[in-house]
Amino acid sequence: MDSTLREGEQSPGANFSPKRRLEIAIALDDFGVDFIEVGHPAVSEDVLEGIRLISEQGLRANLLAHSRALRKDINLILDLNVDWIGIFFCLSNTCLQRRFSISIERALERVENAILYAKDHGLKVRFTPEDTTRTEWENLERALSLAKELKVDRVSIADTTGSAHPLYFYELVRRVVSFGIPTNVHCHNDLGLALANAVMGIEAGATLVDATINGIGERVGIVDLAQISTILYYHYGIKHYRLEKLYELSQIIQEITGIRMQKNYPIVGENAFIHKAGLHASAVIKDPRFYEFLPAELFGRKREIYLDKYAGKDSIRFYLERTGIRDEKLTEKLLSIVKTSQEVFTPERLLEEARKIGGVE
Ligand code: HCA
Ligand code: CU
């Protein structure tokens, strides 16, 4: 499930106009996500308008709109052509006492009313006990039994503060899965463990993972769509996502949000398919598989060789052969120039050097 349009828009910097929201949803549908969380309609008129545009588009993906356990939120969604509603409510003792000042019984009643209301109006319901990982098991157990009784269609386990340990998360997901309700995981990245927790969630039986393009979301965000879909491809044999679209998706969101990825960010970062050390470059020129677990082309990217003092002869030869030059002496000379320089050489810069020493016209 991609949640760029809901969790992602909660990221400082993100703000999607209705038209943009539609464009992003179309691109995600094209990529092949199974669910799109389209937004939280109660946030603003333009979020509602954007969701309306998406819901009229007839996309292949299931659409889910986010909602508090309140009739007025649910009513907004009833007017849209969206099949799923995601209702959330925090049931930890701390939340119940210090935030809402209600008993667990009152809270469950409120959740029940919201779920019944949504279901009575034909919506499929995902229920999330927010901050699941820090909620007392006693309370969760009551909520899950209720969810089962009400025939809730999915439950989601949220590590809302991104603080769970992967082994703990695994155990928790296993316990929740044992209730027999299809289970979702929603993992925040505050400790850099979102992806690890999501993978543990899958291992424990979760069948849906929330992700966003570039991993954006509240604070430092959640699971990155490129990373999780590549893990699903590589480790779980799920081949229906069009991974070659990931780079473009990432670029679009970087531009709209102004949140730029680090160069060394997995899959979509600028350095993800650049090879530098002479030994690496030489091996990769023979066969990319030596240093790429999946080829750059699968992600719509181009493999590059980086040329500085770390370069080897094969790196120079590779650059020269690209421009149609095969000359061993020239290669040797250029190598010694590159290796004694502090510069980074682009192909043009290397040719300039070759011209200086009279190697090429
Ligand atoms: C939020 C919190 C949430 C909700 C997840 C969900 C979380 O509303 O911003 O509704 O499934 O991390 O708990 O994103
Ligand atoms: Cu969240």
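**A close look at the ligand site**

Tutor: Ligand 1 is surrounded by Arg-6, Glu-7, Gln-10, His-66, Phe-88, Arg-126, Thr-128, Glu-130, Ala-158, Thr-160, His-186 and His-188, each with a heavy atom within 4 Å of it. A quick word on the ground rules: this is a predicted model, where local features need pLDDT of at least 70 and side-chain atom pairs count only at pLDDT 80 or more, while totals for chains, interfaces and linings use all residues. Residues are numbered from 1 along each chain as written, chains are lettered from A and ligands numbered from 1 in the order written, and side-chain values use heavy atoms, leaving out hydrogens and water.

Now to the metal. The copper ion, ligand 2, is held by Glu-7 through OE and by His-186 and His-188 through NE2, at 2.0 to 2.1 Å; a donor here is an N, O or S atom within 2.8 Å of the metal (3.2 Å for Na, K and Ca), and with water not among the atoms, sites may look incomplete. Along the sequence, the copper donors follow the spacing E-x178-H-x1-H. The unreviewed UniProt entry marks Glu-7, His-186 and His-188 as "binding site"; such annotations may be inferred rather than shown by experiment. These residues span 182 residues in sequence, yet no two of their C-alpha atoms are more than 10.1 Å apart, so they gather at one spot.

Let's start with Glu-7. You'll find Glu-7 in the segment before helix α1, residues 18-31; helices (H or I, at least four residues) and strands (E, at least two) are DSSP runs, numbered from the N terminus. Glu-7 is buried, with 2% relative accessibility. Buried means under 20% relative accessible area, using a 1.4 Å probe and the protein chains only. Beyond its neighbours within four places in sequence, Glu-7 has contacts (heavy atoms within 4.5 Å) with His-186, His-188, Thr-212, Ile-216, Gly-217, Glu-218 and Ile-222. One oxygen atom of ligand 1 also sits 2.9 Å from an N or O atom in the Glu-7 side chain.

Next, His-186. This residue belongs to strand β6, residues 183-187, and is buried at 6% relative accessibility. Its side chain makes a polar contact of 2.9 Å with the side chain of Glu-7. A polar contact is a pair of N or O atoms within 3.5 Å; within protein, one must be able to donate a hydrogen and the other to accept it, and residues adjacent in sequence count only if both atoms are side-chain atoms. Among the other residues His-186 touches are Arg-6, Ser-156, Ile-157, Ala-158, Asp-159, Asp-210 and Ile-222. His-188 is buried as well, and one of its polar side-chain atoms lies 3.0 Å from an oxygen atom of ligand 1.

That leaves Thr-160, in the loop between β5 (154-159) and α7 (166-177). With 17% relative accessibility, Thr-160 counts as buried. A polar atom of its side chain lies 2.7 Å from an oxygen atom of ligand 1, and a polar atom of that side chain is also 2.7 Å from the backbone nitrogen of Asp-131. Leaving out residues up to four places away in sequence, Thr-160 touches Glu-130, Asp-131, His-188 and Arg-219.

Definitions and conventions: Buried means under 20% relative accessible area, exposed over 50%, partly exposed in between (1.4 Å probe, protein chains only).
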